[in-house]
Amino acid sequence: MRNQFQVVPAGLAISLVLTNTHVAQAQIVQITSNLQPDPLIVNGTSGGSLASKCGNIATKPNQVIQVRQSLPYLRLTVESGGQPTLFIDGPGGRFCVLPDSYSGGKPEISGFWQAGNYSLYVGELSKGQHNYTLSISQQKMPNK
């Protein structure tokens, strides 16, 4: 009976370490209706070993965004020295945002965001990895 009690704490400790490792992989950003600062800037490294239709992405999300309540407008923009993409897995489905000439070569998505958790993968169209800046804002862009 004594051996069983030694195994349970060890198993619990290993489980906690593995759980914390998974959480530590993705930076969690909480978004409320009054975003401060605006824009909120998050940095990281794009790309990864998983080839997808949204470029090369990491196996774990770069960031997780927690939208506390539905927002009428939120804009995400990624800038990088490479060819970044943005893959979003959230309550409304999965979306791939590619760079285009309208956004100046930066993946950008804006509009209504329903409450929930969004896993963000900053991908790369090339095989390399680059430092990126993710801008999160509730400010609407001026007409171009």
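Q: Is Cys96 buried, partly exposed or exposed?
A: Quick heads-up: this is a predicted model, where local features need pLDDT of at least 70 and side-chain atom pairs count only at pLDDT 80 or more, while totals for chains, interfaces and linings use all residues. Residues are numbered from 1 along each chain as its sequence is written, and side-chain values use heavy atoms, with hydrogens and water left out. Buried means under 20% relative accessible area, exposed over 50%, and partly exposed in between, with a 1.4 Å probe and protein chains only. Cys96 has 36% relative accessibility, so it counts as partly exposed.

Q: Which residue forms a disulfide with Cys96?
A: A disulfide here is a pair of cysteine sulfur atoms within 2.5 Å. A search of the whole structure turns up 1 disulfide. Its sulfur atoms sit 2.2 Å apart, and the partner of Cys96 is Cys54.

Q: How many residues apart in sequence are the parts that the pair ties together?
A: Strands (E, at least two residues) and helices (H or I, at least four) are DSSP runs numbered from the N terminus. Cys54 lies in the loop between strand 3 (50-52) and strand 4 (55-57), whereas Cys96 belongs to strand 8 (residues 93-97), so the link ties together parts whose separation in sequence is 42 residues.  The angle about the S-S bond is 90°, and the link of Cys54 and Cys96 is right-handed. As for the separation asked about, that's 42 residues.

Q: Is Cys54 buried or exposed?
A: The relative accessibility of Cys54 is 2%. The cut-off for that class is under 20%. So Cys54 counts as buried.

Q: Which residue in strand 10 stands opposite Leu86?
A: Strand 7 (residues 84-90) is mostly covered, with 6 of its 7 residues buried. Strand 7 also pairs with strand 10 (residues 116-124), antiparallel and over 6 bridges. Opposite Leu86 you'll find Val122.

Q: Which strands are the edge strands of the open sheet?
A: This sheet has 4 strands in the order 2-11-6-9, with antiparallel pairing. Strand 2 and strand 11 pair over 6 bridges, and Val42 has Leu134 in strand 11 as its bridge partner. Pairing on one side only, the edge strands are strand 2 and strand 9 (108-113).

Q: What share of the contacts with a separation of 6 or more comes from residues 24 or more positions apart?
A: Contact means heavy atoms within 4.5 Å. The chain has 1 helix and 11 strands, and buried residues make up 34% of its 144 residues. For contacts with a separation of 6 or more, the share from residues 24 or more positions apart is 81%.

Key. Two strands pair if DSSP finds at least two bridges between them.
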